[in-house]
Amino acid sequence: MEKQIAIRLISLVLTIATAAAIDKSPKTVEKWFKNFPYANTKTTKFHFYFHEIFGGDNQTAPIIAQANITAQSPTFFGMLRMFDNLLTVGPDPNSKQVGRAQGIHGSPSLSELALFFDFNFVFTNGRYNGSTVSVMGRVAESQEYRELSIIGGSGVFRLAKGVATGKTCFSNDKLVIVEYNLIIIHY
């Protein structure tokens, strides 16, 4: 019994030390996986705002491809955008930066306004600096709250899973601001 407790404490210390350093070298990752069976899960919550500029100057989400029928489609079917959007603590784009949302989204439906997302929340400040959370899923624009799956991560969020919930708080013909709440389970 004492031996098991000692092993778990050592594993916990190693896991915390690895997470704090966010060393991503192959040897460190291998060591992290050796200690993985003894790791305890953690839950981290985030609240921040996603700012996407898709029109006018300084676009953060330009169109990179579209289908032959996109221009005639009421749902913009076949349009793809690559994005590098600002994440902030408040809805004002001048509020403190948390990180960036980087990835791709496209219009996958012929019958409703919807987007398919594949992107990363890239944290650039504080204790999560350099860590990422990978997100994927489909959202219908008609929903007040849109849920996306957290399917992984890096650094502190290695092997993450969870849910990202978004709600549009401002939108016009050039800009959308989405309020995000994340619940992340990680080790």
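**Close-up views of a predicted model**

View 1. The protein chain has two helices and nine strands, and the model shown here is predicted. Walk along the sequence and you get the pattern α-α-β-β-β-β-β-β-β-β-β. Buried residues account for 39% of the 187 residues in the chain. Take the contacts between residues at least 6 apart in sequence, and 49% of them join residues at least 24 apart.

**View 2. The largest pocket and its lining.** The largest pocket holds about 540 Å³ of space. Its lining counts 24 residues, and E52, F54, H105, L115 and E141 are the closest to the pocket centre. Which strands supply at least two lining residues each? They are β1 (42-53), β4 (97-106), β5 (114-123), β8 (161-171) and β9 (175-186). Sorted by class, the lining comes out as 12 nonpolar, eight polar and four charged residues.

**View 3. The largest nonpolar core.** This core is made of 29 residues, and F121, Y180 and L182 have the most contacts inside it. At least two core residues come from each of β1, β3 (80-88), β4, β5, β6 (132-140), β7 (146-154) and β9. As a bit of background, nonpolar side chains in soluble globular proteins tend to be buried together.

**View 4. Zooming in on F121.** What does F121 touch, once residues up to four places away in sequence are set aside? Its partners are F48, L87, R100, A101, S131, T132, V133, V135, A164, Y180 and L182. Two of those names, Y180 and L182, are also listed with F121 as having the most contacts inside the largest nonpolar core.

**View 5. F76, a positive phi in a loop.** F76 is not a glycine, yet it has a positive phi of about 60°. Look for F76 in the loop between β2 (63-65) and β3. Buried, exposed or partly exposed: which is F76? F76 counts as partly exposed because its relative accessible area is 42%, between the cut-offs of 20% and 50%.

**View 6. L159, a positive phi between β7 and β8.** L159 also isn't a glycine, and its phi is positive at about 65°. The loop between β7 and β8 is where L159 sits. With a relative accessible area of 37%, L159 is partly exposed.

Technical notes: Residues are numbered from 1 along each chain as its sequence is written. This is a predicted model: local features need pLDDT of at least 70, side-chain atom pairs count only at pLDDT 80 or more; totals for chains, interfaces and linings use all residues. Side-chain values use heavy atoms; hydrogens and water are left out. On a 1 Å grid over the protein atoms alone, a cavity is a set of points where a 1.4 Å probe fits but cannot get out, and a pocket is an open set with protein on both sides within 12 Å along at least five of seven lines; lining residues have an atom within 4 Å of a point. Grid points are joined across faces, edges and corners, and a volume is the space filled by probe spheres set on the points. Helices (H or I, at least four residues) and strands (E, at least two) are DSSP runs, numbered from the N terminus. Ala, Val, Leu, Ile, Met, Phe, Trp, Tyr, Cys and Pro count as nonpolar, Asp, Glu, Lys and Arg as charged, and the others, Gly among them, as polar. A nonpolar core is a set of buried Ala, Val, Leu, Ile, Met, Phe, Trp, Tyr and Cys residues joined through side-chain atoms within 4.5 Å. Buried means under 20% relative accessible area, exposed over 50%, partly exposed in between (1.4 Å probe, protein chains only). Contact means heavy atoms within 4.5 Å.
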